[in-house]
Amino acid sequence: MKKIILYGLATFLFLSCDPTGSSTTIDESEDDILWFDEPAGVWEEALPLGNGRIGVMVFGGTSTEHLQLNDDSLWPGDDGWEEPEGDQDDLKKIRELLFDGEQVLADSLFVENFSNKTVVRSHQTLGDLHIDLGHNKITDYRRELNISQGISTVSYKTGDARVKERLFVSHPQEAIFIEVISESQQGLNGRIRLSRPEDNGHPTVTVKSTEDNLLIMTGEVTQHGAKFRSEPAPITHGVAFETCLKILNEGGEINAGEDYLELSNVKKAVFQIVSNSSFYCDDPASRNKEQLMALEGKTFDQLLESHIKDHQGLYNRVKFELSHENKNNVPTDERIESVKQGQQDPGLEILLFQYGRYLLIASSRPGTNPANLQGLWNQHIEAPWNADYHLNINLQMNYWLADVTNLSELNAPLFEYVDKLIKNGRNTARINFGCRGSFLPHATDLWAPTWLRAPTAYWGCSLGAGGWMVQHYWDHYAFTRDRTFLEERALPAIQAVAQFYSDWIIRDPRDGTLISAPSTSPENRYINAKDERVATCLGSAMDQQVIAEVFDNYIKTCSILKMENDLLEKIKNQRTQLRPGFVFGSDGRILEWDREYVEMEPGHRHMSHLYGFHPGTSITIDGTPEIFQAVRKTLDYRLDHGGAGTGWSRAWLINCAARLMDGEMAHEHIQLLFQKSIFKNLFDAHPPFQIDGNFGYTAGIAEMLLQSHEDGKIRLLPALPAAWSSGKITGLKARGDLVVDIYWEESSLEKAVVRANKGSQIEIVYKDKVLPVELKTGESFTYIPD
């Protein structure tokens with residue numbers, strides 16, 4: 001029996017339907033497309049494709065087509081770099097300095113004893129493919145990326161002859177496919193070249209052709225400019241790889257030079273590119289041969305059909321529409337420029353939302369590495385911030401969208417990777433801090449080291465990463481209600497981090513509460529009583545909020561699994577003694593540090609002292625209304641002083657505005673994101689490019705339309721801006737393993753359909769109306785307010 005209680009006026013209807021809300025076909029007229037009327041001039045204008053492991057950036061050149069190639073595993077080797085020399089005695093000294101108000105010395109000793117300072121060990125490019133066609137006198141040019149299908153197309157006329165290129169990166173076939181067709185009587189003529197940048201003057205690959213007209217590039221990743229502990233530490237070994245290119249031609253012929261292939265009067269050329277590394281297999285060359293053999297007898301169109309089916313099985317789960325002027329006939333870069341000039345373009349906002357989902361599909365699949373700071377697209381030998389994994393918001397933001405936008409299985413690489421960190425972090429916790437459990441740092445890389453890095457305390461001496469990362473395990477359980485995942489994957493991770501924090505926290509001699517010390521607020525500093533610019537304190541707001549959340553999630557996990565143990569009893573006791581993470585200052589804002597200090601950078605890009613509000617879930621309008629209002633005051637102050645200056649920070653702010661249920665504020669920052677932080681290819685501009693802003697934006701849009709972080713509540717259209725007066729979004733996920741479709745007209749909810757993959761008791765909330773509903777597995781409920 002379903003429990004239906006109406007608050008306010010509502011009508012309702014039960015119906016049944018497919019709970020996944022997925023399909024595998026889509027009309028061409030509905031496709032989401034980025035397009036341009038000229039080739040990319042720089043990398044940030046090229047168009048990304050990928051299958052989770054390998055990828056490509058397509059420039060769309062006519063004289064020379066440039067394709068920059070990517071592999072998510074291309075890293076220099078693990079040279080056995082170990083933890084710094086700090087131990088429990090050093091930690092005790094730092095804490096004593098903080099008790100005495102000597103933060104400058106505490107900062108210095110923290111870095112000296114517990115950080116490996118500057119580290120340069122970077123994710124790297126796979127290389128470049130150049131197709132020298134020599135086409136000129138170009139007319140009728142169009143370059144596009146169809147993100148609904150995961151295919152890039154370049155089309156133009158050279159003279160009177162049409163040339164068309166289609167490219168996709170197949171997950172089922174683990175390969176890159178390119179088809180180039182010329183209508184010219186002379187066909188296609190030109191050289192095909194593979195190459196890779198040098199590493200500080202050292203060649204990085206060898207390229208050769210074979211008797212059967214293959215082009216093969218082999219190499220091993222090095223980092224001659226590497227640094228460890230701020231000192232040069234060249235790495236001369238790393239992940240080995242082989243890239244193999246094969247061309248199938250219709251008409252004309254293919255000739256081989258020593259390190260290139262040459263097309264001669266070819267009407268159609270189909271490129272098959274496979275690439276494997278020693279990270280994923282013992283023999284990349286043999287794996288390449290196997291993959292090429294598996295392609296024999298399959299046409300380009302057959303392979304494309306398989307690719308589209310795979311891609312759309314994920315992509316088509318969520319549809320988003322708004323009533324707006326159709327501007328699809330305007331090039332994407334011109335649409336961005338119009339927004340910069342003050343115009344609104346809801347269609348572009350939809351496109352960027354779906355682009356985030358597309359990029360996650362292309363850079364994070366089960367069995368691959370998780371998306372790094374640049375997803376997997378990186379043109380450098382030494383990338384900005386190493387294109388590594390930053391755990392003080394960036395890696396987490398990469399996956400905010402996964403569950404809510406119905407891409408839950410794409411979390412798999414994240415959990416596989418964090419499990420490695422948890423394992424390695426047990427050594428760091430024991431060696432450096434004398435703690436049980438596991439410690440996770442603010443930055444790490446392919447090899448999952450867990451020691452701290454960075455030459456300053458405010459930059460790298462961060463203690464909240466572990467708690468923030470295991471939040472994703474709990475949230476994934478909340479969205480999926482997968483009890484096996486909770487017991488086998490989430491529990492070990494949450495317990496390891498909870499145990500570390502349980503050993504780490506100490507009693508504050510000033511008030512007797514339990515605190516994290518030393519403690520920082522990521523990348524920020526304050527001015528102490530001596531007018532010194534310092535980072536460490538006794539229990540920053542973020543650390544206190546993170547630890548409280550980890551303890552709460554561990555307690556809830558044990559309750560669900562009906563577990564009892566000594567650690568649980570200890571944590572329950574400690575939880576009641578933790579100093580609150582939300583403390584008001586004299587002006588009603590949330591304090592960022594342990595006391596009310598002068599802020600060195602009041603408009604700082606991080607909003608870490610609001611962690612418990614978002615991405616945490618402890619602050620809600622009904623449960624903690626006073627803190628909820630203080631969050632708004634805190635954000636307003638940050639913005640008044642220049643906050644949200646980077647792309648990812650602006651994306652975070654959109655999420656925070658959505659949680660505040662302020663649609664106009666959220667939409668204002670959507671406009672500012674387009675105006676200040678989006679490249680022509682819709683990549684997020686930190687600057688430079690960081691993909692977290694793309695993913696965070698998509699999560700923010702979902703948060704504006706559907707929220708489920710309040711226990712047992714589904715809140716519909718909580719932050720709908722006036723600019724989105726009419727529309728619909730289908731296929732979003734809510735906690736409880738629910739799929740939700742929402743339809744609205746003239747800024748009012750028309751109906752919502754909730755489908756239960758697992759039985760749930762929920763409250764549907766729309767404005768001031770609350771409707772309790774009980775659903776059994778497989779049932780649906782349609783809510784229609786009057």
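A: First, a polar contact is a pair of N or O atoms within 3.5 Å; within protein, one must be able to donate a hydrogen and the other to accept it, and residues adjacent in sequence count only if both atoms are side-chain atoms. This is a predicted model: local features need pLDDT of at least 70, side-chain atom pairs count only at pLDDT 80 or more, and totals for chains, interfaces and linings use all residues. Numbering runs from 1 along each chain as its sequence is written, and side-chain values use heavy atoms, without hydrogens or water.

Q: Which side chain makes a polar contact with the side chain of Arg-715?
A: That of Glu-710, at 2.9 Å.

Q: Is Arg-715 buried or exposed?
A: Buried, because its relative accessibility is 8%. Buried means under 20% relative accessible area, exposed over 50%, partly exposed in between (1.4 Å probe, protein chains only).

Q: Where is Arg-715 found?
A: In strand S29, residues 713-716. Strands (E, at least two residues) and helices (H or I, at least four) are DSSP runs, numbered from the N terminus.

Q: Sheet next. What is the strand order?
A: S28-S29-S33-S34, an open sheet with mixed pairing. Strands pair if DSSP finds at least two bridges between them.

Q: Which strands stand at the edges?
A: S28 (706-707) and S34 (769-775). Each has a single partner strand, so one side of each lacks a neighbour in the sheet.

Q: How many bridges join S33 to S34?
A: Seven, and the two run antiparallel. Gln-761 stands opposite Glu-774 in S34.
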